[in-house]
Amino acid sequence: MKRATKCLLAVCTVICAGIALAQQPWQQVPIPPLAKFTPQQPTRIQLPNGMVIFLQEDHELPLISGTALIKGGSSSEPAAKTGMMSIYSGSWRTSGTQKKSGDQLDDELEAIGAKVETSGGVDTTSASFNCLKENFDQVFADFLDVLEHPVFRDDKIALVKRRLNTAISRRNDEIDSIAGREAGKLGYGKDSPYGRQAEYWTVAAVTRQDLLDWHKRHFAPNNIIFGMVGDFDSKQMESRLRDAFGSLPKGTPYNPPQIPVPGPKPGVYLAEKTDVNQSEIAMLGVGIRRDNPDYFAVRVMNEIFGGGFSSRLFKNLRSKQALAYSVGGGIGAGYNHPGLIDISMGTKSASTAKAVAALYQQIDDLLNTPPTDEELKQARDSILNGFIFAYDSPDKVLGEQLTYELYGYPKDFLERFRDAVDKVTSADVHRVARKYIDKRKLAVLVVGNPKEFDKSLAEFGQVTKLDISIPGAPPGAKPAAAGQD
Amino acid sequence: MFRAVRFSLSLLLVLLPAILAAQDVASFEKKTQVKTLTNGLTIVVCERHEAPVFSFYTHVDAGPAQDPKGATGMAHMFEHMAFKGTPTIGTTDYAAEKVAMQKEEDAYLALQGERFKRVGGDPKKLEELEKAFLQAQEEADKYVKKNEFGEIVESQGGQDLNAATGEDETSYFYSMPSNRLELWAYLESERFLHPVLREFYQERDVVFEERRMRTDSSPIGRMIEQFLATAYAAHPYRNPNVGWPSDLGSLTRTDAQKFFDTYYVASNMTIAVVGDVKPDEVFALAEKYFGRLPAKPKPEDLHTVEPEQVDERSITIPEPSQPIYLEGYHRPDYRDPDDAVYDAISDLLSEGRTSRLYRSLVRDKKIAAAAVGFTDFPGVKYPSLFGFYAVPIQGHKPPELQAAFREEIERMKTQDVGDGELQTVKTRAKANLIRGLGENSGLAAQLALAQARYGDWRELFYNIDRLQKVTKEDIRRVANKTFTATNRTVAVVETVAPPNPPGPNGAGGGL
């Protein structure tokens with residue numbers, strides 16, 4: 001019986017090989033063409049005072065939400081006040097307004113299941129709301145009040161500062177928070193607005209007046225992009241918003257900072273943590289900006305190298321060598337500054353050096369040989385067949401448009417992306433890998449317990465020990481009372 | 001019943017009736033259908049034609065509570081194995097691979113037999129057996145097409161391919177363009193019709209790395225493991241989901257196959273599909289593909305019931321990290337009539353800046369950076385815990401948090417909650433339900449869980465309805481019943497100097 005089966009298979013293989021590559025059963029499952037789908041684009045309105053508004057109707061659920069992005073964020077906060085944007089956004093909404101205290105707003109909004117919140121980012125701060133359609137009038141009035149008339153109360157500022165100081169005091173507790181922070185500091189530089197960290201004294205240095213001044217300087221219609229999505233009529237909403245925002249006077253246009261990203265100083269960096277049995281490893285370098293014409297090939301390269309289940313890092317370092325549970329990475333791409341090359345994994349302490357060598361090997365392979373046709377097809381198919389998920393809901397489409405508006409990208413960037421990915425070749429992938437990844441320029445970060453390492457990291461270069469202890473006072477200053485409000 | 005409750009509350013709920021009219025169970029009746037195949041597998045389909053995509057959620061009613069004795073971590077280990085393919089996916093030559101895999105397994109069992117000899121073990125023989133096993137493993141590995149299952153899903157546009165092992169169940173999910181519905185039905189059914197547990201021992205090492213990441217190398221992970229092992233004496237909720245290291249290091253493919261044969265039967269599986277699909281089409285494909293799974297009886301449920309706690313339990317964990325406080329009280333499982341009362345208490349204590357614990361511990365007493373009360377920990381299917389968790393701010397210590405928690409608990413026991421406060425809880429629950437309905441993958445998970453747990457997806461809505469009936473008296477009664485000293489387990493992370501020489505040695509990762 002066994003023999004017979006084998007024979008049958010052999011015959012089939014011979015015959016099939018002549019016709020085409022043997023089709024696997026899954027390939028015989030019919031796939032009809034995808035229904036034509038044109039994502040609904042939001043309406044863009046620009047008010048005479050410069051404010052840009054996007055309205056996106058979505059009538060599926062009786063909900064309305066909106067976000068105002070205000071240009072200017074932590075990338076332009078003063079270094080001596082690092083953390084200021086966290087304090088600003090953390091106390092903005094919670095302080096409330098002249099009319100209503102933050103606590104009163106909390107009570108009123110929670111009672112109707114609504115939210116008005118503020119948050120801070122690298123390039124923007126934002127205020128947003130989310131409510132049932134019925135409550136729109138009330139919630140929108142509160143939202144406008146918060147947006148335009150913040151008060152920044154001392155008790156709420158103190159509350160955020162307590163939290164930030166607590167976070168500083170705990171920043172060495174979990175290994176992933178050490179790895180993430182040190183990677184940013186190494187990759188961008190410890191003084192870069194993209195890499196630096198808040199300290200007790202930078203938190204203490206922030207005053208209420210700083211927050212009021214920031215709001216005054218940045219809150220101007222010509223610095224705001226406002227997006228709304230939900231169950232409303234765009235025409236009616238437009239006139240409502242013109243009434244609400246039309247009379248705001250223009251302010252000084254926001255001038256984004258120019259922040260150089262020179263890249264890490266190459267070498268091996270070790271942050272010691274003794275209560276772990278697994279090391280976090282990251283290889284870091286300078287990535288690219290998203291408006292770089294190479295971005296599309298880089299995305300395909302990332303997919304092949306360190307994307308999902310089918311990536312080389314996953315297949316070789318996880319499935320085959322069983323060195324890691326978490327492994328991945330590639331060349332990062334920012335909208336207005338280069339992202340970081342970040343190739344990382346977690347491996348048991350006793351295989352740390354082996355894992356570093358294995359990552360280098362994967363990088364060598366990437367640089368030495370172009371991807372195979374199968375790899376290229378796999379990566380392109382994954383991106384293109386899954387492309388529909390980039391815009392399968394009205395709020396995703398809105399989110400894309402807000403981002404493109406903020407960073408000055410063409411509004412059809414997504415479509416351009418798809419077309420460009422379709423044309424990426426194996427040679428393109430190989431070219432960009434070689435152009436942007438240079439092993440000699442990478443910084444290798446290891447956070448872990450060196451006593452349990454399999455080998456010294458010195459074989460990979462000069463090892464610099466990172467001091468991750470938490471300073472109570474700035475270098476050279478006399479110690480201050482850490483973490484007082 | 002649903003309707004009656006709504007009307008009785010309608011004076012208070014000035015803001016909600018219109019919403020509910022649009023988003024209640026009746027509106028979902030129109031777009032949701034359920035069917036049980038003859039083999040016992042249940043499919044829930046919900047139409048959402050917003051975009052040509054769909055998501056699914058496969059719920060298998062087996063989790064770590066079903067791990068065999070001495071084999072904690074098995075349910076989770078199997079979850080990993082469900083990505084390894086089938087006789088036609090993941091292999092270059094299954095006939096030959098099967099033979100090689102059998103040799104590998106034989107070699108492993110021989111090795112393990114020698115390793116666990118209590119007396120008369122022979123180190124030299126062990127070494128030989130290890131060598132033989134590694135060789136057999138390498139031989140079997142030659143036939144493996146690494147991750148082909150995931151590769152197919154991803155190349156066909158699949159998104160967020162993943163799986164999860166909760167305390168109570170194992171679930172599998174991803175999203176796909178809707179023209180791949182039939183391909184999905186094929187792939188998902190093949191995976192559970194005849195999974196091939198290839199690369200078992202390599203994957204076991206991957207799971208060890210997962211354990212190191214989530215538990216061994218994380219103070220919070222270590223605390224939770226110790227806390228549950230303290231709070232439970234008999235029930236498997238005392239065991240870590242990922243397995244105790246010594247168990248994990250001795251799981252075998254043979255046992256994993258047995259686990260699959262017992263628990264991955266059609267009658268133990270519920271699948272929800274949500275998105276741009278037609279129920280008739282999904283049901284027809286389900287018959288064609290999932291109908292191939294053999295009909296077997298649903299496995300018997302776990303018999304172990306956690307005995308009543310007789311006195312307070314506590315554990316102090318010395319750590320080089322900053323302090324954390326956690327306490328928990330036993331509560332009944334999700335079928336208990338008071339289930340919704342626990343939900344209300346959790347919301348009242350923890351949700352947002354109006355919550356009692358935020359206002360007391362974070363805002364007013366200024367002793368915590370975060371403080372919450374939460375229910376259903378670590379699961380819902382069996383009697384679980386209601387927990388209180390807080391992170392002290394600098395300079396403050398766990399005893400202060402404990403005192404503040406007790407004060408809030410006492411308040412709940414002795415004073416009625418305010419009408420407005422309780423109403424906020426109810427309103428918020430409804431708003432949150434609605435917010436969860438506009439997204440395929442989340443909705444698929446909720447429908448599958450409701451269908452699997454209650455035998456009816458509508459319970460997703462009825463749950464909120466039950467919450468609307470919770471009274472102030474209920475809250476006092478349940479607080480008094482539950483939050484007692486003898487029903488309590490406390491875990492405190494206390495800061496000590498970092499270990500030197502090094503700490504946990506991560507318990508040998510198998511081979």
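Q: What makes strand 2 and strand 6 of chain B a pair?
A: Pairing asks for at least two bridges between the strands. In this predicted model, six bridges join strand 2 (residues 42–47) of chain B to strand 6 (residues 269–275) of chain B, so they pair. The two strands run parallel. As one example of a bridge, B:V45 has B:V273 in strand 6 of chain B as its partner.

Q: Why are strand 1 and strand 4 of chain B called edge strands?
A: The sheet in chain B is open, with six strands in the order 1-2-6-3-5-4 and mixed pairing. Strand 1 (32–36) and strand 4 (159–165) of chain B each pair on one side only, and that is what the term edge strand refers to. From one strand to the next, the twist averages 10 degrees.

Q: What lies across strand 4 and strand 5 of chain B, and at what angle does it run to strand 4 of chain B?
A: That is helix 4 (residues 74–81) of chain B, which lies across strand 4 and strand 5 (170–177) of chain B. Helix 4 of chain B runs at about 160 degrees to strand 4 of chain B.

Q: Which residues meet where helix 2 and helix 8 of chain A touch?
A: Helix 2 of chain A brings A:M84, A:I87, A:Y88 and A:S91, while helix 8 of chain A brings A:D210, A:L211 and A:W214. By class, this contact has five nonpolar, one polar and one charged residues.

Q: How many residues does each chain give to the contact of chain A with chain B?
A: Chain A gives 69 residues and chain B gives 77 residues. On the side of chain A, helix 5 has the largest share, six residues. The residues on that side divide into 26 nonpolar, 23 polar and 20 charged.

Q: What is known about the confidence of the model in chain B?
A: Chain B has a mean pLDDT of 93, and 93% of its residues reach 70 or more. Residues 1–22 of chain B, though, have pLDDT below 50, with 23 contacts beyond near neighbours in sequence. Residues 501–511 of chain B are also below 50, with 27 such contacts. The model scores ipTM 0.92 and pTM 0.93.

Note on methods:
Residues numbered from 1 in each chain as written. Chains lettered and ligands numbered in written order. Predicted model: local features only at pLDDT ≥ 70, side-chain atom pairs only at ≥ 80, totals over all residues. Contact = placed C-beta atoms within 7 Å. Helix = DSSP H or I, 4+ residues; strand = E, 2+ residues; numbered from the N terminus. Nonpolar A, V, L, I, M, F, W, Y, C, P; charged D, E, K, R; others polar. pLDDT = per-residue confidence, 0-100. Axes fitted to C-alpha atoms, helices over the stretch in contact; angles between N-to-C directions.
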